Amino acid sequence: MTQLICKRILLKLSGEALMGESGSSIDAGIVKRLAIEIKELCDAGLQVGLVIGGGNILRGSQQASEGLDRVTGDQMGMLATVINALAMQDALEFLGQPVRVMSALKINQVCEDYIRRRAVRHLEKGRVVVFAAGTGNPFFTTDSAASLRAIEINADLMIKATKVKGVYSADPHKVADAVLYTRLSYDDALDQRLNVMDTTALVLCRDNNVPMRVMNIFESGAIMRLMQGEDIGTLIEKGTEQ
């Protein structure tokens, strides 16, 4: 087995990554495929923390724009991430992979409360930890929650899994000649407003020197190849030039 370049990662999945073409909010086949890849990483000795968005079920900011109170909308969005976390937990456990869901909101009957030291202990014991309910506070996205958890667990790398190969100079679905960046600094991403993540998430990673890799989650085996040293997607680091 090729030696892995990281010991511990934080993987950020969008809620939309769990959706199927049929329009269902959670596609069991997609969740199973993602669970298989995550288990393969764990079997290779990698410690994996996971944050899943809730956009496949509900977006609090969208509900707020339609008249719902923003705090209420964000709380509903946090609960949506718990639903996704439980779905992923079930898929991983079916494969025999130990996993714990830890929520920033108190929902003791369905998952554990988030306690940093306990989360790190779970990771050290080879369990996947799914961090649910964002930061537990309104006005913060799950991108910000992923950056925060990556810092708290001392992750070697944060991976933002998307539907495209990496960070482009413009939306590749709208601009045919959009340029794919292989290297970026956090300041470049912020200055050029490249919409990698929200500003809070990028600043958290920059100021705490957590490198980020943006890559396509739908490319089978890509995360394992990345962990084995292959240069995939876009690497964003503090002070790295384009």
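Let me begin with a definition: helices (H or I, at least four residues) and strands (E, at least two) are DSSP runs, numbered from the N terminus. What we have here is a predicted model, in which local features need pLDDT of at least 70 and side-chain atom pairs count only at pLDDT 80 or more, while totals for chains, interfaces and linings use all residues. Residues are numbered from 1 along each chain as its sequence is written, and side-chain values use heavy atoms, with hydrogens and water left out.

I will call a residue buried under 20% relative accessible area, exposed over 50% and partly exposed in between, using a 1.4 Å probe and protein chains only. Ser 169, at 34% relative accessibility, counts as partly exposed. If contact means heavy atoms within 4.5 Å, then Ser 169, not counting residues up to four places away in sequence, touches Ala 178, Val 179, Tyr 181 and Leu 194. Its C-alpha atom is separated by 26 Å from that of Leu 148, although Ser 169 and Leu 148 are 21 residues apart along the chain.

Now to the sheet, where two strands pair if DSSP finds at least two bridges between them. In what order do the nine strands of the open sheet come? The order is β4-β3-β5-β2-β1-β6-β10-β11-β9, and the pairing is mixed. The edge strands are β4 and β9, each of which pairs on one side only. Going through some of the pairs, β6 and β10 run in the parallel sense over five bridges, and there Lys 160 stands opposite Val 214 in β10. Strand β10 (residues 212-216) is also joined to β11 by three bridges, this time antiparallel, with Arg 213 opposite Leu 235 in β11. On to strand β9 (residues 183-185), which runs parallel to strand β11 (residues 234-237) and is joined to it by three bridges; here the bridge partner of Arg 183 is Leu 235 in β11.

The largest one has 42 residues, of which Ile 9, Leu 13, Ile 38, Met 88, Ile 159 and Met 227 touch the most other members. Among the elements that give two or more residues to this core are β1 (8-13), α1 (28-43), β6 (157-162) and α8 (222-227), and α1 gives the most, with seven residues. A second, separate core of 31 residues includes Ile 153, Ala 189, Val 196 and Met 197.

Let us stay with Val 196 for a moment, which is found in the loop between α6 (186-191) and α7 (199-207). Is Val 196 buried or exposed? Val 196 is buried, with a relative accessible area of 8%. Leaving aside neighbours within four places in sequence, Val 196 is in contact with several residues, including Lys 160, Ala 189, Val 214 and Ile 236. The C-alpha atoms of Val 196 and Lys 160 are separated by 8.6 Å, with the two residues 36 apart along the chain.

Helix α5 (residues 142-152) is another enclosed part: nine of its 11 residues are buried, so the helix is largely enclosed by the rest of the structure. What covers the buried residues of α5 includes β1, β2, α3, β5, β6 and α7.

One of those buried residues is Arg 149, and its charged end sits over the ring of Tyr 114, 3.9 Å from the ring centre; such a call needs NZ of Lys or CZ of Arg within 6 Å of the ring centre and within 35 degrees of the ring normal.

The whole structure has one aromatic pair: the rings of Tyr 114 and Phe 131 have centres 5.7 Å apart and planes at 80°, so the pair is edge-to-face. Tyr 114 counts as buried at 17% relative accessibility, and Phe 131 is buried too, with 3%.

Notes
Core = buried A, V, L, I, M, F, W, Y, C linked by side-chain atoms within 4.5 Å. Phe/Tyr/Trp six-rings, centres within 6.5 Å; stacked < 30°, edge-to-face > 60°.
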